[in-house]
Amino acid sequence: MKDILRIIIAPLVWLVTFTLVYGLHGVLCGHDLTTLMIGKIPVARVLLIAAYVFAALVQLALLAALHAPRLASRYSFVRFVSRATGWVGLGATLWTLFPVVTTSSCGLAM
Amino acid sequence: MAPAGPAARSIATLWWVMLIGAVLIFGLVMILLGLSFRRRGAAADEARHIRVWIISLGLAFPAAVLLLLLAYGLVIGEQLLPRNNPEAVSVQAEARRWAWTFSYDARPERTTQNVLHIPAGRPVDVAVTSEDVIHSFWVPRLAGKIDAIPGHVNILRIEADQPGTYAGRSAEFSGGGYDGFSFTVIAHDAAGWDAFLMDGTE
């Protein structure tokens, strides 16, 4: 059971963070918060970037855990696959969340 | 169906870039697939094979191509958004089953049914909404599609290079009368646009 968890944890966390970040994006659009500024700081952009960085850090932490001998599986096949899916989770997070934090939101030009 | 404005041209270019990229990659993959069936001679260097075939061609190559196409798509997407432009004209498009009503900021009391008048050579921001179900505003030769959503306004920038008449469609099925659910965009030259705004008739 733990080995299955090791293998699917990174893609599973990517699934969750993907949903959360795009959900946050939807909430910001739905409540017209994309133009809200505190001083010269665009609140929505900062929140989205913070969520992106948080998602990336979670994936990095998972990857580090999957590479740590103490937490790694005793089976070499599981170690290889779980580390591979760990890299996939990190790559998927950086790749698929990149547009939501770098491009314009809600059909409004930055 | 030649593009007749900057937005449609950008979209057409994006489509061609994507198609060319897809064809090149498909061709390369087919060549590699063919090579994989060739009988191997002497024992191969396994580590080198993994490096070349799996890491370089199997992972790095598609990742690089997809990254480039993604970046290009995002740049084009940004270019299509309505930006501040003193030349821009604002109009409203309200859909209902099965007709479009257009109104004009330059002359608020003026509305037209199923015919949108715009000035040629100037960006036009169309504020699109719906009063019943979801429709979609699409003038293929001028720009991409945008949804008309009840209770929500989406803005689409269109522009026609030259005066002329352009066909528009609702690109979202909406029931029984959908087959005739179309509209026309008439792009006027400067004098024609002024005359349209002054004139009381459609």
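**A colleague's note on chains A and B**

1. Let's start inside chain B, with strand β6 (residues 135-138): three bridges tie β6 to β7, and the two strands run antiparallel. One pairing to look for is B:F137, which sits opposite B:I146 in β7. Two strands count as paired if DSSP finds at least two bridges between them. In general, strands of a sheet pair through backbone hydrogen bonds, either parallel or antiparallel.

2. A quick word on ground rules. This is a predicted model, where local features need pLDDT of at least 70 and side-chain atom pairs count only at pLDDT 80 or more, while totals for chains, interfaces and linings use all residues. Residues are numbered from 1 along each chain as its sequence is written, chains are lettered from A and ligands numbered from 1 in the order in which they are written, and side-chain values use heavy atoms, leaving out hydrogens and water.

3. Now zoom out to the sheet that holds β6 and β7 of chain B. It is an open one of five strands, ordered β4-β10-β9-β6-β7, with mixed pairing. From one strand to the next, the twist averages 30°. For angles, axes are lines fitted to C-alpha atoms (for helices over the stretch in contact), and values run from 0 to 180 degrees between N-to-C directions.

4. Chain B has another open sheet of five strands, in the order β3-β2-β1-β5-β8, again with mixed pairing. Here β3 and β8 of chain B have a single partner strand each, so one side of each has no neighbour in the sheet. On average, neighbouring strands in this sheet are turned by 25° against each other, ignoring direction.

5. Which strands make up the pairs in that sheet? Among them, β1 of chain B runs parallel to β5 (residues 124-130), joined by seven bridges, and B:V91 has B:V126 in β5 as its bridge partner. By contrast, β2 and β3 (residues 107-113) of chain B are antiparallel over four bridges, and a hairpin of two residues connects them. Helix α3 (residues 190-198) of chain B lies across β1, β2 and β3, at about 100° to β3.

6. Two backbone spots deserve a look. Most residues other than glycine have a negative phi, and most peptide bonds are trans. Yet B:R97 and B:W98 are joined by a cis peptide bond, with omega about 0°, and B:W98 is in the loop between β1 (89-96) and β2 (99-104) of chain B. Over in chain A, A:D32 has a positive phi, near 55°, in the loop between α1 (2-30) and β1 (37-38) of chain A.

7. How many salt bridges does the structure hold? Six, over all chains, taking a side-chain nitrogen of Lys or Arg within 4 Å of a carboxyl oxygen of Asp or Glu. One of them joins B:D161 and B:R9, at 2.8 Å from N to O. These two residues are 152 residues apart, with B:D161 in the loop between β8 (154-158) and β9 (164-170) and B:R9 in helix α1 (residues 6-36) of chain B.

8. Finally, where the chains meet: nine residues from chain B and nine residues from chain A take part, with contact meaning heavy atoms within 4.5 Å. Between chain B and chain A, the rule finds zero salt bridges.
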